[in-house]
Amino acid sequence: MNKKLKYGSALLAATLMLAACSDDNSSKTDKEKNNDKKSEDVSYKNFSNFGYDLQLTRHVPFEGITKDNVKDLGIIWSKDFKEINKDIPNGNQSFPIVVDGVAYVSTSSNYVYAFDALTGDVIWEWTPPAEVLETIKRTGMPSSNRGVAVAEGKVFMITADVGLVSIDQKTGKTVDFIHASDFFPDLTSDNGYYETTAPVYFDGKIFVGSSGGDNGVRGFEMAFKSSDLTPAWDEPFWTVPPKGEEWLSDGLFGGGGAVWMPPSVDPDTGLMYISAGNPAPDFYGAKRPGVNPHTNSVIALETGTGKMVWAQQQQSHDLWDYDTADSPSIFNAKVDGKERKLVAVGTKGSEWFAYDAATGDPVYNNVAFGKIDHPDPTEEGVLVYPGVLGGQNYAPDTFDPELNLDLIPAIEEPSILKTAKNEEEAVTNDTSPYFGAWAFGTSSAAADPSIKGYGTITAIDVNTGKIAYQVKTDQPMRGGLTSTKAGLTFYGELSGKVNAIDTKTGENVWSFQTAGNTISAAPSIFEVDGKSYVMITSAGSKPQIFVFALGGDKTQAEAGKSDSTNPHTGK
């Protein structure tokens with residue numbers, strides 16, 4: 001009798017306690033609820049790659065944020081990187097990765113953070129070795145970093161000095177750290193190589209390219225084993241011949257074809273697709289005759305071997321710095337009413353191309369999405385459209401499979417290009433030869449100040465290859481796009497404003513002014529327990545990270561100031 005009474009009292013107490021907890025939980029914030037769920041089952045839908053998927057479509061299958069409720073988006077947390085660590089430099093072009101409620105975000109000069117994606121709490125910080133920071137300072141190369149790859153319990157990042165690090169995903173401790181020059185001695189910063197982009201993981205391999213094409217380096221793509229960072233291919237795939245051979249048989253500064261954005265990967269076929277940049281010297285072609293093969297090109301490679309399957313060039317004998325810069329994207333689309341697998345790319349030359357993914361056969365060529373007027377550069381200088389920033393720079397496009405639209409972010413801002421009379425005139429007093437290439441290849445300037453630059457978003461109907469609509473944006477499009485199944489496309493501007501448009505029509509349906517400035521990366525969108533979140537970083541002198549969700553703080557800040565951007569900080 002007494003035992004039954006005690007049991008009943010305990011049951012009643014437990015029931016009351018459960019009810020109290022339930023009532024308390026109903027008033028809790030997302031942050032408090034997330035903390036409570038640490039030991040419970042939580043449903044995650046991740047943004048686990050640079051472009052969401054390996055195909056780099058940047059299209060998420062989430063429908064929580066709609067055209068009807070997008071007005072209720074607000075900030076749930078934000079962080080100022082300089083308040084976390086005063087040593088973090090200006091600038092930030094990081095595309096966050098979000099896996100199981102944790103965001104992995106890099107900054108300029110290769111700092112890496114793991115944040116609780118719903119609270120903003122710092123889980124760990126990875127600080128780059130002194131040798132990386134010293135190399136950045138000594139060479140004066142751009143130190144931007146566009147993100148990481150997460151796989152096999154590790155976080156992978158390419159460092160500015162063309163190193164590759166693996167970091168323990170849970171603890172933030174270094175697992176392995178190598179430099180490409182450990183295996184291929186010419187791939188050094190002293191030879192003009194550097195890197196700003198994110199790696200890509202596939203099938204036990206990490207894929208790495210580099211910047212430096214304007215310095216006359218020899219462009220490459222390489223695969224390393226994710227297990228220990230040793231080479232997974234016998235040698236890199238080189239986009240251009242060695243100096244002194246073929247079309248580089250003459251000249252002091254020749255080279256280029258840098259692969260300075262991530263590859264896309266087709267997991268069904270095991271093919272990867274890279275974009276190769278401009279030849280060097282940029283504006284002087286007398287000593288690099290012919291079409292300069294595999295520069296300004298999309299190239300298909302076998303992921304297992306690095307062997308080339310096909311290549312298509314978008315601009316032959318480039319004289320205007322018209323890199324095929326942004327990564328190719330892979331998607332299944334309707335073309336003339338029939339389903340086809342395509343590889344598509346926009347260029348800094350303001351043209352869009354699409355190819356058959358298996359064969360490389362052209363489907364659409366030279367679809368212009370901006371003003372194109374580019375006489376050959378002269379010693380006196382000529383005004384060219386697009387300018388050295390593009391067209392489509394590194395800012396990624398997005399493909400909506402239901403609407404069959406590929407949306408291209410672009411820059412409308414001309415430049416004045418000047419070329420040296422000859423190579424000898426361009427030689428500098430610097431002891432390192434790549435500085436001569438830098439000076440020789442980038443004789444450019446802003447156009448007349450009365451010509452105000454702006455941006456565009458162009459929707460291309462892949463069924464016809466024709467433009468469905470074009471939206472003009474206040475600021476040049478430096479960050480890129482991410483679309484959703486609910487029919488929204490999100491992006492940021494250099495003023496620090498974040499926007500959403502109706503993907504079908506281009507109509508603006510939401511704008512939010514953040515306290516950041518110079519947004520130079522695209523948003524990542526993820527879900528936790530069915531609720532959607534939008535994460536984006538800002539750059540300039542206020543490198544920050546912002547996370548939006550329905551029900552967040554809708555208080556808007558004053559417009560940020562867009563920093564002036566050196567044409568080559570994007571590479």
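Me: Ala, Val, Leu, Ile, Met, Phe, Trp, Tyr, Cys and Pro count as nonpolar; Asp, Glu, Lys and Arg count as charged; the others, Gly among them, count as polar. By class, what has the lining of the largest cavity?

Reply: Three nonpolar, three polar and three charged residues. Before going on: this is a predicted model, where local features need pLDDT of at least 70, side-chain atom pairs count only at pLDDT 80 or more, and totals for chains, interfaces and linings use all residues. Residues are numbered from 1 along each chain as its sequence is written, and side-chain values use heavy atoms, with hydrogens and water left out.

Me: What counts as a cavity here?

Reply: Take a 1 Å grid over the protein atoms alone; a cavity is a set of points where a 1.4 Å probe fits but cannot get out. Lining residues have an atom within 4 Å of a point. Grid points are joined across faces, edges and corners, and the volume is the space filled by probe spheres set on the points.

Me: How many cavities of 30 Å³ or more does the search find, and what volume has the largest?

Reply: The whole structure has five of them. The largest has a volume of about 50 Å³.

Me: Which residues line the largest cavity?

Reply: Phe50, Gly51, Leu56, Arg58, Asp326, Ser327, Ser329, Pro396 and Asp397.

Me: Switching to the fold. How many helices and strands are in the chain?

Reply: Six helices and 39 strands. Both are DSSP runs, numbered from the N terminus: helices are H or I with at least four residues, strands are E with at least two.

Me: What share of the residues is buried?

Reply: Buried residues make up 58% of the 571 in the chain. Buried means under 20% relative accessible area, with a 1.4 Å probe and protein chains only.

Me: And contacts?

Reply: Contact means heavy atoms within 4.5 Å. Among contacts between residues at least 6 apart in sequence, 61% join residues at least 24 apart.

Me: OK, sheets. What is the strand order in the open sheet of five strands?

Reply: S1-S37-S38-S39-S3, with antiparallel pairing. Strands S1 (44–45) and S3 (73–80) stand at the edges with a single partner strand each, so one side of each is left without a neighbour in the sheet. Two strands pair if DSSP finds at least two bridges between them.

Me: How many bridges does S37 make with S38?

Reply: Five, in the antiparallel sense, between S37 (residues 524–528) and S38 (residues 531–538). Ile525 stands opposite Val534 in S38.

Me: What about S38 and S39? How many bridges there?

Reply: Five again, and the strands run antiparallel. Met535 has Val547 in S39 as its bridge partner. This hairpin has five residues between its strands, and Gly540 takes a positive phi near 60°.

Me: How many residues of S39 are buried?

Reply: Six of the seven in S39 (residues 544–550), which is mostly covered. S39 is also joined to S3 by seven antiparallel bridges. There, Leu73 stands opposite Leu550.

Me: Moving on to S35. Why is S35 called largely enclosed?

Reply: Five of the six residues of S35 (residues 497–502) are buried, so the rest of the structure largely encloses it.

Me: Which strands pair with S35?

Reply: S34 (residues 488–492) pairs with S35 in the antiparallel sense over five bridges. S36 (residues 508–513) also runs antiparallel to S35, joined by five bridges. Thr489 stands opposite Ile501 in S35, and Val498 has Phe512 in S36 as its partner.

Me: What sits in the turns of those hairpins?

Reply: Between S34 and S35 there are four residues, and Gly496 in the turn has a positive phi of about 90°. Between S35 and S36 there are five, and Gly506 in the turn has a positive phi of about 85°.

Me: What does Thr458 touch?

Reply: Leaving aside neighbours within four places in sequence, Thr458 is in contact with Phe369, Asp406, Leu407, Ile408, Ile467, Tyr469 and Gln470. The side chains of Thr458 and Gln470 are joined by a polar contact of 2.7 Å. A polar contact is a pair of N or O atoms within 3.5 Å; within protein, one must be able to donate a hydrogen and the other to accept it, and residues adjacent in sequence count only if both atoms are side-chain atoms.

How values were computed. On a 1 Å grid over the protein atoms alone, a cavity is a set of points where a 1.4 Å probe fits but cannot get out, and a pocket is an open set with protein on both sides within 12 Å along at least five of seven lines; lining residues have an atom within 4 Å of a point. Buried means under 20% relative accessible area, exposed over 50%, partly exposed in between (1.4 Å probe, protein chains only).
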